[in-house]
Amino acid sequence: MKYRNLHSLVVGFATLCLMAIAVSPAQAALQVDITKSSDSAIPIAIAPFGQSQGQQLPVDVAKIASNDLASTGLFKVFPRSNMLAHPSSPDQVNYNNWRSQNVDNLVVGSATPNGQGGYKITFNLLDVAQGQSVASYQLNAGSNQLRQAGHTIANLIYQRFTGKKGYFLSRIAYVTVTGSSADKRQFRLVVSDYDGSHPSTVYSSQDPIMSPAWSPDGSKLAYVAFNVYKGVSSVRVQDLATGNVRTIASGHGVNGAPAWSPDGKRIALTKSSNGDSDIFVYNLASGQLQQLTHSSAIDTEAAWSPNGQHIAFTSDRGGQPQIYEMSSQGGQVQRLTYDGQSNQRPDFSPDGKSLAMVQKSGNGFRIAVMNLANNNVRIVSDGPLDDSPAFAPNGQAILYATQGGSNSLATVSVDGSAKSTLSQAGEVREPAWGPLGY
(Lines give C-alpha, C1' and ligand atoms only; values in the text may rest on other atoms or scores of the structure.)
Protein backbone atom coordinates (compact mmCIF):
# COMPACT_ATOMS: atom_id res chain seq x y z
CA MET A 1 0.00 0.00 0.00
CA LYS A 2 1.30 3.42 -0.90
CA TYR A 3 0.41 6.61 0.99
CA ARG A 4 0.06 9.85 -0.95
CA ASN A 5 -0.66 13.46 0.04
CA LEU A 6 -2.94 13.86 3.08
CA HIS A 7 -2.47 10.16 3.80
CA SER A 8 -4.40 9.28 0.63
CA LEU A 9 -4.55 5.53 0.20
CA VAL A 10 -5.33 3.36 -2.81
CA VAL A 11 -6.59 -0.12 -1.99
CA GLY A 12 -6.64 -2.50 -4.98
CA PHE A 13 -9.25 -5.05 -5.85
CA ALA A 14 -7.09 -7.87 -4.50
CA THR A 15 -7.06 -6.30 -1.05
CA LEU A 16 -10.83 -6.58 -0.83
CA CYS A 17 -11.23 -10.05 -2.32
CA LEU A 18 -13.01 -12.60 -0.13
CA MET A 19 -11.43 -15.96 0.55
CA ALA A 20 -13.64 -18.75 -0.75
CA ILE A 21 -15.05 -20.92 2.01
CA ALA A 22 -16.54 -24.38 1.53
CA VAL A 23 -19.56 -23.98 3.76
CA SER A 24 -23.35 -24.02 3.87
CA PRO A 25 -25.55 -21.15 5.06
CA ALA A 26 -26.06 -20.80 8.80
CA GLN A 27 -29.36 -20.03 10.45
CA ALA A 28 -29.02 -16.36 11.33
CA ALA A 29 -26.55 -13.57 11.82
CA LEU A 30 -25.58 -12.47 15.28
CA GLN A 31 -27.21 -9.27 16.48
CA VAL A 32 -24.83 -6.61 17.83
CA ASP A 33 -25.89 -4.59 20.86
CA ILE A 34 -23.56 -1.94 22.30
CA THR A 35 -23.96 -2.15 26.07
CA LYS A 36 -21.25 0.24 27.26
CA SER A 37 -19.13 2.93 25.62
CA SER A 38 -15.93 4.47 26.84
CA ASP A 39 -16.24 7.76 28.74
CA SER A 40 -13.56 9.12 26.42
CA ALA A 41 -15.24 7.92 23.21
CA ILE A 42 -14.21 9.92 20.12
CA PRO A 43 -17.11 11.94 18.62
CA ILE A 44 -17.46 11.35 14.89
CA ALA A 45 -20.09 11.59 12.16
CA ILE A 46 -20.05 9.67 8.87
CA ALA A 47 -22.39 11.17 6.30
CA PRO A 48 -24.00 8.91 3.66
CA PHE A 49 -21.70 8.59 0.67
CA GLY A 50 -22.96 10.20 -2.53
CA GLN A 51 -22.88 8.71 -6.01
CA SER A 52 -22.92 10.15 -9.52
CA GLN A 53 -26.33 10.95 -11.06
CA GLY A 54 -27.82 10.88 -7.55
CA GLN A 55 -27.95 7.08 -7.52
CA GLN A 56 -27.55 5.12 -4.31
CA LEU A 57 -24.90 2.49 -3.75
CA PRO A 58 -26.32 -1.04 -3.52
CA VAL A 59 -24.57 -1.31 -0.12
CA ASP A 60 -24.48 1.55 2.40
CA VAL A 61 -20.72 1.59 3.02
CA ALA A 62 -20.95 4.64 5.29
CA LYS A 63 -23.44 2.87 7.53
CA ILE A 64 -21.23 -0.21 7.73
CA ALA A 65 -18.24 1.94 8.72
CA SER A 66 -20.37 3.76 11.31
CA ASN A 67 -21.55 0.48 12.84
CA ASP A 68 -17.98 -0.84 12.94
CA LEU A 69 -16.66 2.16 14.84
CA ALA A 70 -19.65 2.30 17.19
CA SER A 71 -19.30 -1.40 18.05
CA THR A 72 -15.89 -0.79 19.61
CA GLY A 73 -17.31 1.62 22.19
CA LEU A 74 -14.29 3.82 21.48
CA PHE A 75 -16.21 6.08 19.08
CA LYS A 76 -19.39 8.07 19.72
CA VAL A 77 -21.04 8.03 16.30
CA PHE A 78 -23.43 10.89 15.54
CA PRO A 79 -26.86 9.56 14.45
CA ARG A 80 -27.61 9.97 10.76
CA SER A 81 -31.20 10.94 11.60
CA ASN A 82 -29.91 14.07 13.40
CA MET A 83 -27.76 15.31 10.52
CA LEU A 84 -28.78 18.67 9.06
CA ALA A 85 -27.21 17.82 5.71
CA HIS A 86 -25.54 14.95 3.84
CA PRO A 87 -22.46 16.44 2.16
CA SER A 88 -20.35 14.14 0.01
CA SER A 89 -17.26 16.35 -0.43
CA PRO A 90 -15.43 18.90 1.73
CA ASP A 91 -16.61 21.88 -0.34
CA GLN A 92 -20.23 21.00 0.48
CA VAL A 93 -19.71 21.13 4.25
CA ASN A 94 -21.19 23.94 6.36
CA TYR A 95 -18.85 23.64 9.33
CA ASN A 96 -20.95 25.92 11.54
CA ASN A 97 -23.88 23.49 11.31
CA TRP A 98 -21.72 20.60 12.47
CA ARG A 99 -20.12 22.67 15.24
CA SER A 100 -23.59 23.57 16.51
CA GLN A 101 -24.28 19.84 16.89
CA ASN A 102 -21.01 19.24 18.76
CA VAL A 103 -19.54 17.07 16.01
CA ASP A 104 -15.74 17.16 16.27
CA ASN A 105 -14.88 14.86 13.36
CA LEU A 106 -16.74 14.36 10.09
CA VAL A 107 -16.29 11.86 7.27
CA VAL A 108 -17.69 12.69 3.83
CA GLY A 109 -17.33 10.60 0.71
CA SER A 110 -18.61 9.54 -2.67
CA ALA A 111 -18.46 6.60 -5.06
CA THR A 112 -18.24 6.60 -8.85
CA PRO A 113 -18.10 3.72 -11.36
CA ASN A 114 -14.47 2.81 -12.05
CA GLY A 115 -15.00 1.40 -15.53
CA GLN A 116 -14.24 -2.15 -14.37
CA GLY A 117 -17.65 -3.05 -13.04
CA GLY A 118 -16.89 -1.70 -9.59
CA TYR A 119 -16.53 1.60 -7.79
CA LYS A 120 -13.89 4.17 -6.94
CA ILE A 121 -14.63 5.37 -3.42
CA THR A 122 -13.14 8.65 -2.22
CA PHE A 123 -13.60 10.01 1.30
CA ASN A 124 -12.19 12.71 3.55
CA LEU A 125 -11.77 12.97 7.30
CA LEU A 126 -12.54 16.54 8.38
CA ASP A 127 -11.57 18.41 11.54
CA VAL A 128 -14.75 20.39 12.21
CA ALA A 129 -13.16 22.80 14.72
CA GLN A 130 -10.40 23.69 12.24
CA GLY A 131 -12.77 23.62 9.27
CA GLN A 132 -10.49 21.57 7.07
CA SER A 133 -9.69 18.10 5.73
CA VAL A 134 -6.95 16.29 7.64
CA ALA A 135 -6.86 13.07 5.61
CA SER A 136 -8.01 11.94 2.19
CA TYR A 137 -8.41 8.33 1.04
CA GLN A 138 -9.31 6.50 -2.15
CA LEU A 139 -10.01 2.82 -2.73
CA ASN A 140 -11.39 0.58 -5.45
CA ALA A 141 -13.97 -2.10 -4.79
CA GLY A 142 -15.82 -4.56 -7.00
CA SER A 143 -19.60 -4.44 -7.02
CA ASN A 144 -19.67 -7.47 -4.70
CA GLN A 145 -16.98 -6.04 -2.40
CA LEU A 146 -18.78 -3.01 -1.02
CA ARG A 147 -19.33 -4.47 2.43
CA GLN A 148 -15.60 -5.12 2.69
CA ALA A 149 -15.04 -1.54 1.48
CA GLY A 150 -17.12 -0.30 4.42
CA HIS A 151 -14.97 -2.33 6.81
CA THR A 152 -11.82 -0.96 5.13
CA ILE A 153 -13.05 2.61 5.62
CA ALA A 154 -13.61 1.87 9.31
CA ASN A 155 -10.14 0.31 9.56
CA LEU A 156 -8.51 3.44 8.14
CA ILE A 157 -10.42 5.76 10.47
CA TYR A 158 -9.73 3.52 13.46
CA GLN A 159 -6.00 3.48 12.73
CA ARG A 160 -5.93 7.25 12.20
CA PHE A 161 -7.28 7.88 15.71
CA THR A 162 -5.86 4.97 17.71
CA GLY A 163 -2.59 4.21 15.96
CA LYS A 164 -3.61 0.54 15.82
CA LYS A 165 -4.78 -1.50 12.84
CA GLY A 166 -8.52 -2.05 12.81
CA TYR A 167 -9.98 -5.56 12.98
CA PHE A 168 -13.12 -4.99 10.91
CA LEU A 169 -12.05 -7.29 8.07
CA SER A 170 -11.34 -10.16 10.45
CA ARG A 171 -13.59 -13.18 11.01
CA ILE A 172 -14.71 -15.13 14.04
CA ALA A 173 -15.65 -18.76 14.58
CA TYR A 174 -18.10 -20.01 17.18
CA VAL A 175 -20.42 -22.89 18.03
CA THR A 176 -24.21 -22.63 18.11
CA VAL A 177 -26.53 -25.05 19.87
CA THR A 178 -30.21 -25.32 18.99
CA GLY A 179 -32.97 -27.76 19.93
CA SER A 180 -34.86 -28.17 23.17
CA SER A 181 -34.24 -31.88 23.74
CA ALA A 182 -31.21 -34.13 23.53
CA ASP A 183 -32.48 -36.04 20.48
CA LYS A 184 -33.17 -32.81 18.59
CA ARG A 185 -30.06 -30.88 19.57
CA GLN A 186 -27.91 -29.58 16.74
CA PHE A 187 -24.37 -28.27 17.09
CA ARG A 188 -22.96 -26.05 14.35
CA LEU A 189 -19.47 -24.66 13.87
CA VAL A 190 -19.98 -21.26 12.27
CA VAL A 191 -17.65 -18.76 10.61
CA SER A 192 -18.76 -15.16 10.16
CA ASP A 193 -17.49 -11.63 9.76
CA TYR A 194 -16.17 -10.18 13.02
CA ASP A 195 -19.59 -8.62 13.70
CA GLY A 196 -21.55 -11.82 13.11
CA SER A 197 -22.71 -10.95 9.59
CA HIS A 198 -22.44 -13.44 6.70
CA PRO A 199 -22.52 -16.53 8.94
CA SER A 200 -21.80 -19.88 7.31
CA THR A 201 -21.81 -23.35 8.80
CA VAL A 202 -18.47 -25.16 8.51
CA TYR A 203 -19.52 -28.37 10.26
CA SER A 204 -22.67 -29.58 11.97
CA SER A 205 -23.48 -32.57 14.17
CA GLN A 206 -25.94 -33.85 16.74
CA ASP A 207 -22.88 -34.47 18.95
CA PRO A 208 -20.93 -31.68 20.66
CA ILE A 209 -18.38 -29.50 18.87
CA MET A 210 -15.79 -27.63 20.89
CA SER A 211 -12.67 -25.45 20.87
CA PRO A 212 -12.39 -23.94 17.37
CA ALA A 213 -8.94 -22.47 16.70
CA TRP A 214 -7.83 -20.46 13.65
CA SER A 215 -4.65 -21.19 11.76
CA PRO A 216 -2.40 -18.09 11.66
CA ASP A 217 -3.20 -17.44 7.99
CA GLY A 218 -6.95 -17.84 8.50
CA SER A 219 -7.26 -20.65 5.94
CA LYS A 220 -8.05 -23.50 8.37
CA LEU A 221 -9.85 -24.27 11.60
CA ALA A 222 -8.89 -26.87 14.15
CA TYR A 223 -11.69 -28.07 16.44
CA VAL A 224 -12.89 -30.97 18.56
CA ALA A 225 -15.70 -33.24 17.36
CA PHE A 226 -17.36 -35.95 19.45
CA ASN A 227 -19.02 -39.24 18.63
CA VAL A 228 -21.07 -39.80 21.76
CA TYR A 229 -22.34 -43.23 20.66
CA LYS A 230 -18.77 -44.55 20.28
CA GLY A 231 -17.38 -42.53 23.17
CA VAL A 232 -14.73 -41.01 20.91
CA SER A 233 -13.35 -37.48 20.67
CA SER A 234 -11.30 -36.22 17.73
CA VAL A 235 -9.17 -33.19 16.97
CA ARG A 236 -9.81 -32.20 13.35
CA VAL A 237 -8.22 -29.66 11.01
CA GLN A 238 -10.54 -28.38 8.29
CA ASP A 239 -9.52 -26.38 5.21
CA LEU A 240 -12.11 -23.61 4.84
CA ALA A 241 -11.69 -23.25 1.08
CA THR A 242 -12.03 -26.93 0.17
CA GLY A 243 -13.82 -28.42 3.17
CA ASN A 244 -11.13 -31.12 3.40
CA VAL A 245 -10.74 -32.52 6.92
CA ARG A 246 -7.68 -34.07 8.53
CA THR A 247 -7.96 -35.88 11.87
CA ILE A 248 -4.79 -35.44 13.92
CA ALA A 249 -5.87 -37.12 17.19
CA SER A 250 -8.75 -39.45 17.93
CA GLY A 251 -9.88 -42.17 20.27
CA HIS A 252 -11.37 -42.83 23.68
CA GLY A 253 -10.42 -40.48 26.47
CA VAL A 254 -9.37 -36.89 26.02
CA ASN A 255 -8.47 -35.45 22.63
CA GLY A 256 -9.05 -31.74 22.76
CA ALA A 257 -8.13 -28.06 23.15
CA PRO A 258 -6.14 -27.52 19.91
CA ALA A 259 -3.95 -24.41 19.59
CA TRP A 260 -1.89 -23.44 16.53
CA SER A 261 1.75 -22.41 16.79
CA PRO A 262 2.41 -18.89 15.40
CA ASP A 263 4.16 -20.35 12.33
CA GLY A 264 1.22 -22.66 11.59
CA LYS A 265 3.43 -25.76 11.55
CA ARG A 266 2.39 -27.33 14.86
CA ILE A 267 -0.71 -27.74 16.98
CA ALA A 268 -0.65 -28.09 20.75
CA LEU A 269 -3.45 -30.26 22.11
CA THR A 270 -4.55 -32.22 25.16
CA LYS A 271 -4.51 -36.02 25.23
CA SER A 272 -5.05 -38.64 27.89
CA SER A 273 -1.82 -40.46 28.66
CA ASN A 274 -2.04 -43.39 31.09
CA GLY A 275 -5.21 -41.87 32.51
CA ASP A 276 -3.69 -38.41 32.89
CA SER A 277 -4.37 -35.43 30.63
CA ASP A 278 -1.18 -33.87 29.30
CA ILE A 279 -0.09 -31.30 26.72
CA PHE A 280 1.21 -32.68 23.43
CA VAL A 281 2.41 -30.98 20.24
CA TYR A 282 1.52 -32.38 16.82
CA ASN A 283 3.85 -31.65 13.90
CA LEU A 284 1.64 -31.16 10.82
CA ALA A 285 4.43 -32.00 8.35
CA SER A 286 5.74 -35.19 9.96
CA GLY A 287 2.62 -36.33 11.83
CA GLN A 288 4.77 -36.82 14.93
CA LEU A 289 3.31 -36.24 18.38
CA GLN A 290 5.55 -34.92 21.18
CA GLN A 291 4.50 -35.06 24.84
CA LEU A 292 5.42 -31.88 26.74
CA THR A 293 3.98 -32.39 30.23
CA HIS A 294 4.26 -35.48 32.40
CA SER A 295 2.09 -34.74 35.40
CA SER A 296 -0.48 -36.76 37.29
CA ALA A 297 -2.64 -33.61 37.25
CA ILE A 298 -4.94 -32.40 34.49
CA ASP A 299 -2.90 -30.27 32.05
CA THR A 300 -4.96 -28.70 29.27
CA GLU A 301 -5.90 -25.55 27.31
CA ALA A 302 -2.52 -24.73 25.79
CA ALA A 303 -1.85 -21.26 24.34
CA TRP A 304 1.27 -20.28 22.36
CA SER A 305 3.14 -17.06 23.01
CA PRO A 306 3.31 -14.90 19.85
CA ASN A 307 7.03 -15.62 19.41
CA GLY A 308 6.39 -19.36 19.62
CA GLN A 309 8.88 -19.85 22.45
CA HIS A 310 6.48 -20.51 25.32
CA ILE A 311 3.20 -22.27 25.99
CA ALA A 312 0.78 -21.25 28.74
CA PHE A 313 -1.71 -23.87 29.91
CA THR A 314 -4.24 -24.70 32.61
CA SER A 315 -3.32 -27.25 35.29
CA ASP A 316 -4.78 -28.32 38.62
CA ARG A 317 -1.40 -29.59 39.85
CA GLY A 318 -1.64 -27.08 42.72
CA GLY A 319 -5.13 -28.19 43.76
CA GLN A 320 -7.23 -25.65 41.83
CA PRO A 321 -6.99 -24.79 38.12
CA GLN A 322 -4.26 -22.19 37.60
CA ILE A 323 -2.24 -21.04 34.60
CA TYR A 324 1.32 -22.26 34.14
CA GLU A 325 3.98 -21.62 31.52
CA MET A 326 6.76 -23.69 29.98
CA SER A 327 9.04 -23.68 26.97
CA SER A 328 7.33 -24.77 23.76
CA GLN A 329 9.82 -27.66 23.81
CA GLY A 330 8.66 -28.74 27.29
CA GLY A 331 10.74 -28.77 30.45
CA GLN A 332 10.48 -26.68 33.59
CA VAL A 333 7.04 -25.35 34.47
CA GLN A 334 6.37 -21.97 36.09
CA ARG A 335 3.11 -20.91 37.72
CA LEU A 336 1.77 -17.57 36.44
CA THR A 337 -1.50 -16.92 38.31
CA TYR A 338 -2.29 -16.58 42.00
CA ASP A 339 -5.25 -14.16 42.16
CA GLY A 340 -8.79 -15.48 42.62
CA GLN A 341 -9.94 -18.98 43.47
CA SER A 342 -8.86 -20.32 40.09
CA ASN A 343 -7.74 -19.20 36.63
CA GLN A 344 -8.01 -21.00 33.30
CA ARG A 345 -8.41 -20.71 29.47
CA PRO A 346 -5.30 -18.53 28.81
CA ASP A 347 -4.90 -16.51 25.62
CA PHE A 348 -1.85 -14.36 24.84
CA SER A 349 -2.30 -10.85 23.45
CA PRO A 350 -0.78 -10.43 19.97
CA ASP A 351 2.14 -8.43 21.42
CA GLY A 352 2.80 -11.06 24.09
CA LYS A 353 2.56 -8.53 26.92
CA SER A 354 -0.78 -9.65 28.38
CA LEU A 355 -2.71 -12.81 29.09
CA ALA A 356 -6.50 -13.08 29.03
CA MET A 357 -8.08 -15.74 31.22
CA VAL A 358 -11.20 -16.87 33.03
CA GLN A 359 -10.95 -16.09 36.73
CA LYS A 360 -13.21 -17.61 39.36
CA SER A 361 -13.94 -15.47 42.39
CA GLY A 362 -16.83 -14.77 44.72
CA ASN A 363 -18.68 -13.12 41.84
CA GLY A 364 -18.56 -16.16 39.58
CA PHE A 365 -16.47 -16.56 36.45
CA ARG A 366 -15.26 -13.40 34.75
CA ILE A 367 -12.73 -12.45 32.09
CA ALA A 368 -9.48 -11.05 33.44
CA VAL A 369 -6.38 -9.58 31.80
CA MET A 370 -2.94 -10.05 33.36
CA ASN A 371 -0.01 -7.75 32.62
CA LEU A 372 2.89 -10.20 32.29
CA ALA A 373 5.49 -7.55 33.14
CA ASN A 374 4.15 -6.84 36.65
CA ASN A 375 1.53 -9.62 37.16
CA ASN A 376 -1.23 -7.04 37.74
CA VAL A 377 -4.67 -8.50 36.98
CA ARG A 378 -7.66 -6.48 35.80
CA ILE A 379 -11.23 -7.84 35.65
CA VAL A 380 -12.92 -6.68 32.43
CA SER A 381 -16.25 -8.56 32.29
CA ASP A 382 -19.30 -8.66 34.57
CA GLY A 383 -19.96 -12.40 34.89
CA PRO A 384 -21.47 -14.44 36.37
CA LEU A 385 -20.55 -17.14 33.83
CA ASP A 386 -18.04 -15.86 31.27
CA ASP A 387 -15.73 -18.16 29.33
CA SER A 388 -13.43 -18.68 26.33
CA PRO A 389 -11.61 -15.33 26.00
CA ALA A 390 -9.95 -14.58 22.66
CA PHE A 391 -7.97 -11.44 21.87
CA ALA A 392 -8.81 -9.41 18.79
CA PRO A 393 -6.02 -9.66 16.21
CA ASN A 394 -4.94 -6.07 17.03
CA GLY A 395 -4.98 -6.77 20.79
CA GLN A 396 -7.46 -3.99 21.59
CA ALA A 397 -10.53 -6.07 22.43
CA ILE A 398 -11.46 -9.51 23.76
CA LEU A 399 -14.21 -11.79 22.50
CA TYR A 400 -15.78 -14.23 24.97
CA ALA A 401 -18.84 -16.33 25.71
CA THR A 402 -21.24 -15.23 28.42
CA GLN A 403 -24.17 -16.89 30.15
CA GLY A 404 -26.86 -15.22 32.21
CA GLY A 405 -30.03 -13.80 30.74
CA SER A 406 -28.92 -15.32 27.42
CA ASN A 407 -26.11 -17.50 26.14
CA SER A 408 -24.32 -15.20 23.75
CA LEU A 409 -20.97 -13.75 22.76
CA ALA A 410 -19.59 -10.43 23.96
CA THR A 411 -16.67 -8.16 23.21
CA VAL A 412 -14.92 -5.91 25.70
CA SER A 413 -12.08 -3.44 25.29
CA VAL A 414 -8.88 -4.50 27.06
CA ASP A 415 -9.41 -1.83 29.72
CA GLY A 416 -13.02 -2.91 30.30
CA SER A 417 -14.43 0.51 29.32
CA ALA A 418 -16.42 -0.58 26.24
CA LYS A 419 -18.68 -3.61 25.80
CA SER A 420 -21.04 -5.08 23.21
CA THR A 421 -22.92 -8.36 22.82
CA LEU A 422 -23.49 -10.62 19.83
CA SER A 423 -26.53 -12.85 20.18
CA GLN A 424 -29.07 -14.92 18.28
CA ALA A 425 -31.78 -17.46 19.02
CA GLY A 426 -30.34 -20.51 20.75
CA GLU A 427 -26.99 -20.79 22.48
CA VAL A 428 -23.74 -19.32 21.17
CA ARG A 429 -20.44 -20.49 22.69
CA GLU A 430 -16.74 -21.29 22.13
CA PRO A 431 -15.66 -18.16 20.20
CA ALA A 432 -12.34 -17.80 18.38
CA TRP A 433 -11.10 -14.61 16.70
CA GLY A 434 -9.27 -15.01 13.41
CA PRO A 435 -6.39 -12.94 11.94
CA LEU A 436 -6.78 -9.37 10.69
CA GLY A 437 -7.95 -10.34 7.21
CA TYR A 438 -5.74 -7.98 5.21
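This is a predicted model: local features need pLDDT of at least 70, side-chain atom pairs count only at pLDDT 80 or more; totals for chains, interfaces and linings use all residues.

Biologist: Which residues of helix 2 are buried?

Modeller: They are Val61, Ala62, Ile64, Ala65, Ser66, Asp68, Leu69, Ala70 and Ser71.

Biologist: Why is helix 2 described as largely enclosed?

Modeller: Helix 2 covers residues 61-71, and nine of its eleven residues are buried, so the rest of the structure largely encloses it. Just after helix 2 comes Gly73, which has a positive phi of about 75 degrees.

Biologist: What share of the chain is buried?

Modeller: Of the 438 residues in the chain, 54% are buried. The chain has four helices and 33 strands.

Biologist: What makes the pairing of Ser413 and Asp415 a polar contact?

Modeller: Their side chains come to 2.7 Å, and a polar contact needs N or O atoms within 3.5 Å, one able to donate a hydrogen and the other to accept it. The pair therefore qualifies as a polar contact. A polar atom of the Ser413 side chain also lies 3.1 Å from the backbone nitrogen of Ser417.

Biologist: Which residues does Ser413 touch, leaving out those up to four places away in sequence?

Modeller: Ser413 touches Val380, Gln396, Ala397 and Ala418.

Biologist: How do you know that Asp195 is buried?

Modeller: Asp195 has 13% relative accessibility, and buried means under 20%, so Asp195 counts as buried. Asp195 sits in the loop between strand 11 (186-193) and strand 12 (200-205). Its side chain makes polar contacts with the side chain of Arg147 at 3.2 Å and with the side chain of Ser197 at 2.7 Å.

Biologist: Now the strands. How do you know that strand 13 and strand 14 pair?

Modeller: Four bridges join them, and at least two are needed, so strand 13 and strand 14 count as paired. They run antiparallel, with strand 14 spanning residues 220-227. One example is Met210, whose bridge partner in strand 14 is Val224.

Biologist: In what order do the four strands of the open sheet come?

Modeller: The order is 13-14-15-16, with antiparallel pairing.

Biologist: What makes strand 13 and strand 16 edge strands?

Modeller: Strand 13 (209-214) and strand 16 (245-251) each pair on one side only. Neighbouring strands of this sheet are turned by 20 degrees against each other on average, direction ignored.

Biologist: One last topic, the largest pocket. What is its volume, and which residues lie nearest its centre?

Modeller: The volume of the largest pocket is about 1200 Å³. Its lining has 46 residues, and those nearest the centre are Ala213, Trp214, Ala259, Trp260 and Asp347. Elements giving two or more residues to this lining include strand 13, strand 14 and strand 25 (342-348).

Biologist: Which strand gives the largest share of that lining?

Modeller: Strand 17 does, with six residues.

Note on methods: Residues are numbered from 1 along each chain as its sequence is written. Side-chain values use heavy atoms; hydrogens and water are left out. Buried means under 20% relative accessible area, exposed over 50%, partly exposed in between (1.4 Å probe, protein chains only). Axes are lines fitted to C-alpha atoms, for helices over the stretch in contact, and angles run from 0 to 180 degrees between N-to-C directions. Contact means heavy atoms within 4.5 Å. On a 1 Å grid over the protein atoms alone, a cavity is a set of points where a 1.4 Å probe fits but cannot get out, and a pocket is an open set with protein on both sides within 12 Å along at least five of seven lines; lining residues have an atom within 4 Å of a point. Grid points are joined across faces, edges and corners, and a volume is the space filled by probe spheres set on the points.
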